Amino acid sequence: MATNNELLRQRLAALSDEQQQFQKKWANDWRRLSELRHVLAAVSGALALGVGLSVGYQLGRR
């Protein structure tokens, strides 16, 4: 039969493993979000450039 100390050590080890898994998942999710932010910034910049060129062209035709 396991003693209270042994049970506490086992539970602490399990919680430590859960925390490590959570931290890894969180880090991966954060990395993905960071990549998406970079892509979004590039797409937004390209869209702004396209709109600016279109407006400039339309103003130049007048």
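This report describes the fold, surface and salt bridges of a predicted model.

## Overall fold

The secondary structure of the protein chain consists of 1 helix and 0 strands. The chain has a radius of gyration of 27 Å, while the globule rule gives 11 Å for 62 residues; the value is well over that figure, so the chain is more spread out than a compact globule. Helix 1 covers residues 4-61.

The C-alpha trace of the protein chain spans about 90 × 10 × 10 Å along its principal axes.

## Surface and burial

Of the 62 residues in the protein chain, 0% are buried. A residue counts as buried when its relative accessible area is under 20%. The accessible surface of the chain is about 6000 Å², and carbon and sulfur atoms account for 62% of that surface.

## Charges

The protein chain carries 9 positive and 5 negative charges. The mean position of the positive charges lies 17 Å from the mean position of the negative charges.

## The salt bridge of Glu18 and Arg11

The structure contains 3 salt bridges. One of them joins the side chains of Glu18 and Arg11, with an N to O distance of 4.0 Å. Glu18 has a relative accessible area of 43% and is partly exposed. Arg11 is also classed as partly exposed, at 46% relative accessibility.

## The network around Asp29

Salt bridges link Lys25, Asp29 and Arg32 in a network. Asp29 takes part in a salt bridge with Lys25, where the N to O distance is 3.0 Å. Asp29 also forms a salt bridge with Arg32, and here the closest N and O atoms are 3.8 Å apart.

Asp29 and Lys25 lie 4 residues apart in helix 1, so about one helical turn separates them. Arg32 and Asp29 are 3 residues apart in helix 1, and therefore these two are likewise separated by about one helical turn.

Asp29 is partly exposed, with 30% relative accessibility. Lys25 is exposed, with a relative accessible area of 51%, and Arg32 is exposed as well, at 54%. The cut-off for exposed is a relative accessible area over 50%, so Lys25 at 51% and Arg32 at 54% fall in that class.

Technical notes: Residues numbered from 1 in each chain as written. Predicted model: local features only at pLDDT ≥ 70, side-chain atom pairs only at ≥ 80, totals over all residues. Heavy atoms only, no water. Buried < 20%, exposed > 50% of the residue type's maximum accessible area, 1.4 Å probe, protein only. Rg over C-alpha atoms; globule rule 2.2 N^0.38 Å. Areas by Shrake-Rupley, 256 points an atom, 1.4 Å probe, with all protein chains shown as cover. Lys, Arg positive; Asp, Glu negative; His and termini not counted. Charge placed at Lys NZ, Arg CZ, Asp CG, Glu CD.
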